[in-house]
Amino acid sequence: MTKPILPTRKQIQQTFKLQQDQSDCGVACLLSIIQYYEGNNSLEKLRELSGTTKQGTTLLGLYQASNQLGFTSQGNEADIQAIIDHKEPLILHVVIEEHLQHYVICYGYENNKFIIGDPAKGIIELTKEELEKIWKSKTCLTLTPNNNFVKSKTQTNNKKKWFIKLVKEDSKLISFSIILGLGIAILGMAMAIFSQKLIDDILPSKDFTKLITGIILVAFLLLIRVLFTALRDFFLITQSKDFNNRIIDSFYTSLLHLPKPFFDTRKIGELVARLNDTQRVQRVISQIIGNTAINILVTIVSLGFLFFYSWQTGLIASISLPFYFLLIYSFNKKIINAQKEMMQGYAFNESNYITSIQGIATIKNNNRQSIFQKINQFIYGNFQEKVFNLGKINVRLSIFSGIFSVLFLISILIYTSTQVYNEVMQLGELMAILGIAGSLLPSVASLALITIPINEAKVAFNRMYEFTSIEEENKGNISLSKFNSLEIKNLSFRFAGRKELFKNINISVNQNECIAIVGESGSGKSTLGQVLQKFYPFENGTIIVNNQFNLPDINTEDWRNIIGIIPQDITIFSGNVITNILLGKKDTPENIQVFCEEYGFTAFINSLPQGFATILGEEGINLSGGQKQIIALMRVLYKKPQLVLLDEFTSAMDRKTEKFVLNLLKKLKSEITIIFISHRLHSLPQIADTIYVLENGIISNFGNHKKLMETTNFYSDFWKELII
Ligand SMILES: Nc1ncnc2c1ncn2[C@@H]1O[C@H](COP(=O)(O)OP(=O)(O)OP(=O)(O)O)[C@@H](O)[C@H]1O
């Protein structure tokens, strides 16, 4: 499985992957090494496995991910000589521009230079001194593929299959559009040919009938061309609509089924930007169907006509057009890079805009409007600078191509006019040749630039594919409808790339019991709650349900029907109170009214301006924290769960509401098992049968109020401080 001692440049170039944004450098390095060993994966998957966040990846995260992917890897402290002696690619942790943490790959040492794969720049060479300057940490990750490493050629095939599946339904529309495009191209020549006939034959012959017939014929052909163009455009917009609907549906559906950790590591702006990617892919499809086919044909037919009228002009065109093509083509790379930077600038600007709107209260409260305005000026200015850079390249391109066009047309003009002057060529032929030569250049230019939109679409397509190729969350296959007990045994958990959050935790709860998990902020209580919702897989230990099933094996949908959650951050959707309780489920208003009366929520509903019809969320009134918690309680109880998990519930309620809620929960204890997660401890003695104290990553104590008060711990400290 191991490669030859020093990889060739070609191998490196072919397998090296650039980062898609700043936080991706670590995973881009890992992906490059995977591809170097002929494996395959996606940046998205690697982000997930390595716990990459908006800030980037830790070396520990890269280590954990690479071990899961079939590498024997090791984090080391090393010196320059050690990496010269190490004959396999390795990842170095470096610091660039004095403070930016970054990862690069060292592929080897050759001719006194290190071959470095820098995900921000590409393949570069560094001298010992240059590398030492940035490799200050002296830490690196060595990776050797072991027997678990899977070589895979399947991903490219899967990508192709996915793409074909997406466009397959449009194949008829696409074929019609191409055929119409060909018709349009051929009819486009009609005017040039007619003008030649008009000047050379019809007008000199003074044949009026011929003139009228000719005009009618050309008018007819031009009208057919208009019809063809309209039809083709209609097919294109139809295809565009169908394709976008299909692709967005597939994208959104995959998004909803992605595992929770996926959402922890993404910025909203980035997710929104990916929705726009679909349009980019579609635009290029339209462009290829709409223009490229026509341009190819226009070029061939025009050249044919030029040869037909005068083989010499055909020859001039055939010799000079490849140069024209190459001249324009040479701009491709610059334009693609400038476009990439512009797209990044755009995504960054969008993220910044969304974050400032979300944090508007904090900005105002801290009087930081002017600072945020300056940040925005900087970010937006940077984006505009990138747009400007792209514009500059385009201006340069149009100057060069303009000069070339002038030279080309003038040389054709000189040649043909000399021919007319010497009476070898007729005037009409000159006109036709000039007309055809003029239409040839834009077609060739557009063909030379086709890689730009294709590349843009490829980037967009890959980014979308990465989303849709992530495995859905674990579904589990044991169905369950009745909850009896939950037992957490020796459970350990860490977020990918982080140190262990808790270890060897033992907690149990039976039907109709109420337990509480208490502990300091950040001790991992909410995370434990999320593990219980099957949001995160755990590292070691077991969670047994009903004394027989492993939680990961239980059907996720069944389990989430059994467990009801009130999270710390409650989401209120746009809509009225009823839609917020039902969350899309169908029910009659009478039933909801009965439900509210049964649980005693009627007074709360009546206190809202329009009762049940009160519009909440972005389009409606803002609820207080306590009111949101009541809505969340209604939402949970309406679901009729058998186990509820209440995370810092009642924290925002006034004493009266809290009392009402606690009394309600006490009554419900006979029907529902309750897990409280809290650091508000004063209400717990009334309701919790057992209290577990989570401290320093372990359950340091557990028992009822009386038992816990006998020792010194987080819980008893709280009560003792109250008494003092
Ligand atoms: N997705 C994540 N990736 C990495 N670390 C995370 C993630 N979510 C939470 N953490 C970290 O895990 C730790 C535990 O967080 P958690 O929310 O579980 O604490 P908590 O005990 O519920 O705190 P609080 O009482 O303040 O709600 C924190 O240090 C937090 O920064």
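A: Happy to! One term to start with: a polar contact is a pair of N or O atoms within 3.5 Å, and within protein, one must be able to donate a hydrogen and the other to accept it. Please also keep in mind that this is a predicted model.

Q: Does His-93 count as buried or exposed?
A: Buried, because its relative accessibility is 15% and the cut-off for buried is under 20%.

Q: What else is His-93 in contact with, leaving aside neighbours within four places in sequence?
A: Besides Gln-101, the list has His-102, Tyr-103, Trp-135, Ser-137 and Thr-139.

Q: How far is an oxygen atom of the ligand from the side chain of Lys-525?
A: It's 2.7 Å from an N or O atom in that side chain. Ser-526 also has a polar side-chain atom 2.6 Å from a ligand oxygen, and for Gln-568 the distance from a side-chain N or O atom to an oxygen of the ligand is 2.6 Å.

Q: And how much of the ligand does the protein bury?
A: The protein buries 66% of the 640 Å² that the ligand exposes when taken alone.

Q: Last topic, strands! In which sense do β7 and β10 pair?
A: Strand β7 (residues 485-493) and strand β10 (residues 540-545) are antiparallel, with five bridges. As an example, Glu-487 stands opposite Ile-544 in β10.

Q: What about β10 and β11?
A: Those two pair in the antiparallel sense as well, over two bridges, with β11 spanning residues 549-550. Val-545 has Phe-549 in β11 as its bridge partner.

Q: How many residues lie between β10 and β11 in the hairpin?
A: Three, and Asn-546 in the turn has a positive phi of about 55 degrees.

Q: One more: where do side chains point in a regular strand?
A: They alternate between the two faces of the sheet.

Notes:
Residues are numbered from 1 along each chain as its sequence is written. This is a predicted model: local features need pLDDT of at least 70, side-chain atom pairs count only at pLDDT 80 or more; totals for chains, interfaces and linings use all residues. Side-chain values use heavy atoms; hydrogens and water are left out. Accessible areas come from the Shrake-Rupley method with a 1.4 Å probe; for residues, only the protein chains shown count as cover. Buried means under 20% relative accessible area, exposed over 50%, partly exposed in between (1.4 Å probe, protein chains only). Contact means heavy atoms within 4.5 Å. Two strands pair if DSSP finds at least two bridges between them. Helices (H or I, at least four residues) and strands (E, at least two) are DSSP runs, numbered from the N terminus.
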